[in-house]
Amino acid sequence: MTVNDDGDFLLLSGIEHFAFCRRQWALIHVEQQWQENFLTQEGHYLHERVHDAGFTEKRGSVLLSRGMPVRSESLRVTGSCDMVEMDASENGVPIQGREGRWRLYPVEYKRGKPDLAGGAAMQLCAEAMCLEEMFVTDIPEGAVYCASEHRRIVIELTPELRDKVRSALEEMHNYFSRGYTPKCKMKSACKSCSMLDICRPDFQSAGSAKMYMERLIREEGE
Ligand code: SF4
């Protein structure tokens, strides 16, 4: 199986990897290497529970759609939304199989502390941009659900955030078409990176973990 089965379309979920570390994204999505650590395993478990095979249910006046497949021809991305809430609204859009009009509100589920200034917000925004293109509508905001804190944080989908998403995707498409993997630049984020052993095969022979982390901190400060 390849990471991307849709020609030159990129996976939406890669935006968060890319925001975390360009090299990590390229190792997974360009070189198609993958390695689990407990952070990603927990994340998968959470997503499996949310993604219930395109399931839609009604709670009061709100429709909940889990794992809705989405794509954007203009951004050349594809993937799925953890949850799309649909409120009955005159200003909404028609939904197949349902009467009336519905306002779309994407919710992205994250374990731990989501990077609201970076990857998590960008992924949510990219999902909203796909929905906007598919349903010809405007989605001014969405939310990130933080599982460990059982709370949702509203994210305004500003023009600046949208520009950030477009520019990241442009760079990702550029790397993807060239098969390019950026070089390793050590940083504190490496500590929790699921690709550390693949990214840094010298890690095992480079001495103790303590020495490695000391080097990380030193190089990050340079
Ligand atoms: S170990 Fe560090 S540089 Fe390598 S992919 Fe992970 S975050 Fe990026």
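**Entry 1: layout**

I read along the sequence and found the pattern β-α-α-α-β-β-β-β-α-β-β-α-α-α. That gives seven helices and seven strands, taken as DSSP runs numbered from the N terminus (H or I with at least four residues for helices, E with at least two for strands).

I kept in mind that this is a predicted model, where local features need pLDDT of at least 70, side-chain atom pairs count only at pLDDT 80 or more, and totals for chains, interfaces and linings use all residues. Residues are numbered from 1 along each chain as its sequence is written, and side-chain values use heavy atoms, with hydrogens and water left out.

**Entry 2: totals**

I looked up burial next: 45% of the 222 residues are buried. Here buried means under 20% relative accessible area, exposed means over 50%, and partly exposed is in between (1.4 Å probe, protein chains only).

The accessible surface is about 12000 Å², and carbon and sulfur atoms hold 51% of that; the areas come from the Shrake-Rupley method with a 1.4 Å probe, and for residues only the protein chains shown count as cover.

For contacts (heavy atoms within 4.5 Å), I took the pairs at least 6 apart in sequence and saw that 58% of them join residues at least 24 apart.

**Entry 3: the ligand**

Which residues surround the ligand? I listed Phe20, Cys21, Gln24, Cys184, Lys185, Lys187, Cys190, Cys193, Leu196 and Cys199, where near means that a heavy atom of the residue lies within 4 Å.

I sorted this shell into seven nonpolar, one polar and two charged residues. The classes are Ala, Val, Leu, Ile, Met, Phe, Trp, Tyr, Cys and Pro as nonpolar, Asp, Glu, Lys and Arg as charged, and the others, Gly among them, as polar.

I also noted that the space taken by the ligand is the largest cavity. A cavity is a set of points on a 1 Å grid over the protein atoms alone where a 1.4 Å probe fits but cannot get out, and a molecule sits in one if more than half of its atoms lie within 2 Å of its grid points.

**Entry 4: Gln24 and its helix**

I followed Gln24 from the ligand shell to helix α2. Is Gln24 buried or exposed? Gln24 is buried, with a relative accessible area of 6%. Beyond its neighbours within four places in sequence, I found Gln24 in contact with His17, Cys193, Ser194 and Met195.

Eight of the nine residues of α2 are buried, so the helix is largely enclosed by the rest of the structure. I wrote them down as Arg23, Gln24, Trp25, Ala26, Leu27, Ile28, His29 and Val30. Their cover includes β1 (10-11), α1 (14-20), α5 (159-178) and α6 (196-199).

**Entry 5: two positive phi values**

Just after α2, I came to Gln32, with a positive phi of about 60 degrees although Gln32 is not a glycine. Gln32 is in the loop between α2 (22-30) and α3 (38-50) and is partly exposed at 35% relative accessible area.

Arg76 also has a positive phi, near 55 degrees, and is not a glycine either. I placed Arg76 in the loop between β3 (62-72) and β4 (77-94); its relative accessibility of 31% makes it partly exposed.

**Entry 6: Asp115**

Where is Asp115? I located Asp115 in the loop between β5 (101-110) and α4 (119-135), partly exposed with a relative accessible area of 40%. Leaving out neighbours within four places in sequence, Asp115 is in contact with Ala120 and Ala121.

I also checked Glu16, which is 99 residues from Asp115 along the chain: the two C-alpha atoms are separated by 8.9 Å.

Note on methods: On a 1 Å grid over the protein atoms alone, a cavity is a set of points where a 1.4 Å probe fits but cannot get out, and a pocket is an open set with protein on both sides within 12 Å along at least five of seven lines; lining residues have an atom within 4 Å of a point.
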